[in-house]
Amino acid sequence: MSLKLLCWNIDGIDKRDTAQRTEAVCDIIISNRPHIVYLQEVVPSTWKLILTTLGNQYDCYCRKDSDRYYPVILVLKTPDITTTGALKCTPFPGSTMGRHLLELPITYCGVSVHLMTSHLESQKDHATERTSQLRAVFRVVGELQDSRACVFGGDLNVRDEEVASVGLPANTADVWQACGGNHVHKYTWDVASNDNLDWPYPNKPKLRFDRIYLGQAVASLHPESFVLVGKERLPTCGRFPSDHWGLLVEFSLC
């Protein structure tokens, strides 16, 4: 048995070709059929499309009072998955961008898994707040991992030095690294390869903004594969589904 997860910032705040790009994201979800989906930068119009397209296959969770852009969790409707608690939304008190942490406890084939996603504070000059948010999330991972496997992922906007300054909790792995750290699947935001953004500068940065972490005191999930998706242009508009690539990972059950 394996658990498959897709994590993706789908750039709903870009108002160009939004419906076509969101439909392409939904097509990729349907074709890969991940058990769990973490999406960031969902907006009301794309949320409506996601519910219409995927609502018969997935239970869909988001912060109910958000009218901006926000992260969501989708859980495949299957007898193998049971939700064991309510969705929890914790706002980051220092955020100026409305950022928050979503948590949802489930069991998958009898294994307790704590789903966690967020979109941490953006932009380089907000590093202090972003590292504070990351520290708060890792604190939750450290508190819960004795009783369940914690899978935290999202558009974290982090740089390596920021993660190093916070430090990983004990028994916590960066899933990209745990799967071998393949350079082909390293950079999730790559302006050199993805031209969805109107990037006006000569430098073309590529960064590993989007990450997935697995924290567990007792091994119940083992990272098996990590690939990037959404790298094909849409024939309708000539653009990619998002300015970020999606992260598709698979865990085996120990």
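Me: Which strands does helix 2 (residues 44–54) lie across?

Reply: Strand 2, strand 3 and strand 4. Helix 2 runs at about 5° to strand 4. Angles go from 0 to 180 degrees between N-to-C directions, with axes fitted to C-alpha atoms, for helices over the stretch in contact. Helices (H or I, at least four residues) and strands (E, at least two) are DSSP runs, numbered from the N terminus. This is a predicted model, where local features need pLDDT of at least 70, side-chain atom pairs need 80 or more, and totals for chains, interfaces and linings use all residues. Numbering starts from 1 along each chain as its sequence is written, and side-chain values use heavy atoms, without hydrogens or water.

Me: Why are the buried residues of helix 2 said to line one face?

Reply: Buried means under 20% relative accessible area, exposed over 50%, partly exposed in between (1.4 Å probe, protein chains only). T46, W47, L49, I50 and L54 are buried in helix 2. Seen down the helix axis, they fall within an arc of 160°, so they line one face. The arc is taken from the directions between the helix axis and the C-beta atoms. K48 and T52, on the other side, are exposed. The buried residues pack against helix 1, strand 2, strand 3 and strand 4.

Me: What makes strand 3 (58–62) and strand 14 (221–229) edge strands?

Reply: Six strands form an open sheet in the order 3-4-2-1-15-14, with mixed pairing. Strand 3 and strand 14 each pair on one side only. Pairing requires at least two DSSP bridges between two strands. Strand 1 (residues 2–9) and strand 15 (residues 246–253) have six bridges, in the antiparallel sense. K4 has E250 of strand 15 as its bridge partner.

Me: Which residues touch the most other members of the largest nonpolar core?

Reply: I36, L115 and V151, out of 30 residues. Strand 7 (residues 100–108) gives the largest share, four residues. Another core lies apart from it, with 22 residues, among them W47, Y70, V229 and L248. A nonpolar core is a set of buried Ala, Val, Leu, Ile, Met, Phe, Trp, Tyr and Cys residues joined through side-chain atoms within 4.5 Å. In soluble globular proteins, nonpolar side chains tend to be buried together.

Me: What is I36 in contact with, beyond its neighbours within four places in sequence?

Reply: L3, K4, L5, L6, L74, V75, I81, I106 and L115. Contact means heavy atoms within 4.5 Å.

Me: How do you know that R16 and D198 form a salt bridge?

Reply: The rule asks for a side-chain nitrogen of Lys or Arg within 4 Å of a carboxyl oxygen of Asp or Glu. R16 and D198 meet at 3.0 Å, N to O. R16 sits in the loop between strand 1 and helix 1, D198 in the loop between strand 11 (189–190) and strand 12 (206–207), so the pair ties together parts 182 residues apart in sequence. D198 counts as exposed, at 62% relative accessibility. R16 counts as partly exposed, at 36%.

Me: Why does R211 count as buried?

Reply: Its relative accessibility is 3%. R211 also forms a salt bridge with D160, the closest N and O atoms being 2.7 Å apart. R211 lies in strand 13 (residues 210–215) and D160 in helix 4 (residues 160–166), so the pair ties together parts 51 residues apart in sequence. D160 is partly exposed, at 47% relative accessible area. Salt bridges that share partners also join D14, R16, D17, D198 and R239 into one network.
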